[in-house]
Amino acid sequence: MSNLSELDLQNLRHLIMGYETSNCKMTEYASQATDQNVKQFFEKAAQSATETKQQLMRFL
């Protein structure tokens, strides 16, 4: 793995926090959904955000 610059690290941090925020929001939306299809949609979006965040964390 090549060395990351400070700008790269800042960008990664920004992206990681964005995906963390998305996960929290999608989880909350899923918990409030009454329609099962909508609930599943938000649960999948939350899971996707978590997976992407984990992939980005591997660069650190």
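The structure is a predicted model. In this model, M57 belongs to helix α2, which covers residues 36-57.

**Exercise 1.** Determine whether M57 is buried, partly exposed or exposed, and state which surface patch includes M57.

*Solution.* The relative accessibility of M57 is 40%. Buried requires under 20% and exposed requires over 50%, so M57 counts as partly exposed.

**Exercise 2.** Find how many salt bridges the whole structure holds, and explain what the pairing of E20 and K53 ties together.

*Solution.* Side chains of opposite charge can pair when their charged atoms come close. A search of the whole structure returns one salt bridge. The side chains of E20 and K53 form a salt bridge, with an N to O distance of 2.7 Å; the cut-off is 4 Å. E20 lies in helix α1 (residues 6-32) and K53 in helix α2, so the pair links parts that are 33 residues apart in sequence. E20 is partly exposed at 27% relative accessible area, and K53 is partly exposed at 23%.

**Exercise 3.** Identify which residues of α1 are buried and what they pack against.

*Solution.* The buried residues of α1 are L12, I16, N23 and A30. These buried residues pack against α2.

Note on methods: Residues are numbered from 1 along each chain as its sequence is written. This is a predicted model: local features need pLDDT of at least 70, side-chain atom pairs count only at pLDDT 80 or more; totals for chains, interfaces and linings use all residues. Side-chain values use heavy atoms; hydrogens and water are left out. Helices (H or I, at least four residues) and strands (E, at least two) are DSSP runs, numbered from the N terminus. Buried means under 20% relative accessible area, exposed over 50%, partly exposed in between (1.4 Å probe, protein chains only). Contact means heavy atoms within 4.5 Å.
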